[in-house]
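Visitor: I'd like to be walked through this protein, one question at a time. Could you show it to me and keep things simple?

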Amino acid sequence: MPEWFPALRTSLKRHLAPHLPPQPLRVLGGALWASLLCWLLGLIIGALWSGGEYIAQEASSLGQSIVATAEQAGGTPHAGGQQAAAHESSDLRGPLQTLNLPYSDTSAGTLAGNVSRVDDALVQALRRMGLSTTRIEPLQLTTQRHHVQNRVENVLFQRMQVRLPDTLLNAYTETVSGLIVNNVLGGTLSTRTACGRTILDVTIDGVRTHELFLLPSGDVFTPPPPAGRPLMALVLTGFGVDPELDKQALALDLPVALALLPGAPNGRSMAGAAVSGGHELLLHQPLEQAGEPLTPGTIRQSMSDEEQRATLRRNLESLPEASGVINFRGTSLTSSRSACLALCEEAAANGLFVLDSRAGAASVLHSAARGVGLEAWRVNFVLDENNATTRQVLDELDEAERYARRLGQVIAVAQIRPETLDALEQWATDRQDDVLVTPLRYILE
């Protein structure tokens, strides 16, 4: 109640009460109360009206920002690179629209907020080039503690793979660089090459926050599967050995992942064809196993951690298109956590995820990879053990489908053999379509 109102009421009572009968005095008091209520109600209505106009203005501004973002993105993102011709350097100076991918902390002035702005820049660079944002795939997340302006911040260091057509590698790098320089306080981007692949490093005020491995993907890019359907990923090993069988594998109407051993005789020539066809390529890394002959590029138990890492790096140099590594044999090595940690840490440092072939029941390769924050999967089915016939492979495929329907997803591996390829060709034509065959990268843990 205003301070002047009690004084006014007292003055009126003192001067008017002796001259007025009781009833008019009560009426006057009621009128004064009514006037006060009307005055307060007017203030409330005015405040609400002003707030409504402000909200409407903000909503209009937000709507314009969303429209502007869609226009800059060239409409709905798609898989091809046809819109890249429309990419202009002026896009680099455009405002960075705030997204919630993958983090929502965009507060200015904090390291975490600027990390989020980098995340937004990586996504928006793809949109502005007319490419699907699903081309960015998280590879490894690790937490870092940094002292920033007399406080400690926990920030995620992120390794990512970005799959791009060869012709757009430079355009993507330039777009990301422009967005970061102009929208991220203290943000810089540098480019380097290792093991035959381009790597982008992002730092914010001297803190390294992102490492991006740019992988060529050809012109074919399989979009993510719709939610709710059971999924199956197929991995074929022995690629790059027999040219005729390799061509038969590439001709399958299935998005299979192809694994090459180091030194495969036709590995380099077939790798390009696989990438152009939109297939994932894996390094089939041989590990020493008692009673089995050593193949080129094998990681041996007698090697030191550094020798094992160097062997993996050399093998990767022959296959820079690889997005992951699957172990070949190695029951002894995969049961050693220290050996698996060395393998996983080097795989992560070279932009590879890990697929545990489960060579031996005691394998800890998968758990070691997950322990260092690395994307990793485990094989669920081997489709053609013991030189299986075409009929036996078909039976295993049916069993794998039942597994996928029951548990939601399955990863199956097989060798490139005539019987296996014949079974896959028949199965691709005759199978039910409720289980979706998808690239390995879309299988979730």
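Predicted model: local features only at pLDDT ≥ 70, side-chain atom pairs only at ≥ 80, totals over all residues.

Visitor: How many helices and strands does the protein have?
Guide: Helices (H or I, at least four residues) and strands (E, at least two) are DSSP runs, numbered from the N terminus. Going by that, the protein has 11 helices and 14 strands.

Visitor: What share of the residues is buried?
Guide: Buried means under 20% relative accessible area, exposed over 50%, and partly exposed in between, with a 1.4 Å probe and protein chains only. The protein has 445 residues, and the buried share of them is 46%.

Visitor: Among contacts between residues at least 6 apart in sequence, what percentage joins residues at least 24 apart?
Guide: Contact means heavy atoms within 4.5 Å. Take the contacts between residues at least 6 apart in sequence; the part joining residues at least 24 apart is 69%.

Visitor: How many disulfides are there?
Guide: A disulfide is a covalent bond between the sulfur atoms of two cysteines. Here the test is a pair of cysteine sulfur atoms within 2.5 Å. By this rule the count is 0.

Visitor: Which cysteine has the sulfur nearest to that of Cys-344, and how far away is it?
Guide: Cys-344 is buried, because its relative accessibility is 0%. Cys-344 is in no disulfide. The nearest cysteine sulfur belongs to Cys-340, at 6.1 Å.

Visitor: Are helix 7 and helix 8 oblique or roughly parallel to each other?
Guide: Two packed helices are described by the angle between their axes and the distance between the axes. Axes are lines fitted to C-alpha atoms, for helices over the stretch in contact, and angles run from 0 to 180 degrees between N-to-C directions. Angles under 35 degrees count as roughly parallel, over 145 as roughly antiparallel, 65 to 115 as roughly perpendicular, and the rest as oblique. Helix 7 (residues 305-317) and helix 8 (residues 337-349) have axes 9 Å apart at an angle of about 40°, so the pair is oblique.

Visitor: Is the crossing of helix 7 and helix 8 left-handed or right-handed?
Guide: A crossing is left-handed if the near helix is turned anticlockwise from the far one by less than a right angle, and right-handed if clockwise. The crossing of helix 7 and helix 8 is right-handed.

Visitor: Which residues does Glu-346 touch, not counting those up to four places away in sequence?
Guide: Glu-346 sits in helix 8 and counts as buried, because its relative accessibility is 6%. With residues up to four places away in sequence left out, Glu-346 touches Arg-309, Leu-312 and Arg-313.

Visitor: Is helix 10 oblique or roughly parallel to helix 11?
Guide: The axes of helix 10 (residues 390-407) and helix 11 (residues 418-430) come within 8 Å and cross at roughly 50°. That angle makes helix 10 and helix 11 oblique.

Visitor: What about helix 5 and helix 11, roughly parallel or oblique?
Guide: Helix 5 (residues 243-250) and helix 11 have axes that come within 10 Å and cross at roughly 20°. That makes this pair roughly parallel.

Visitor: Which residues of helix 5 make the contact with helix 11?
Guide: Helix 5 passes helix 11 in a left-handed crossing. On the helix 11 side, the contact uses Pro-418, Leu-421, Asp-422 and Glu-425. On the helix 5 side, the residues are Leu-245, Gln-248 and Ala-249.

Visitor: Is Asp-205 buried or exposed?
Guide: Asp-205 is in the loop between strand 4 (197-204) and strand 5 (207-216). Its phi is near 50°, a positive value in a residue other than glycine. With a relative accessible area of 61%, Asp-205 is exposed.

Visitor: And what is the phi of Asn-387 near?
Guide: Asn-387 lies in the loop between strand 12 (381-382) and helix 10. At 64% relative accessibility, Asn-387 counts as exposed. Asn-387 is a residue other than glycine with a positive phi, near 55°.

Terms used
Residues numbered from 1 in each chain as written. Heavy atoms only, no water.
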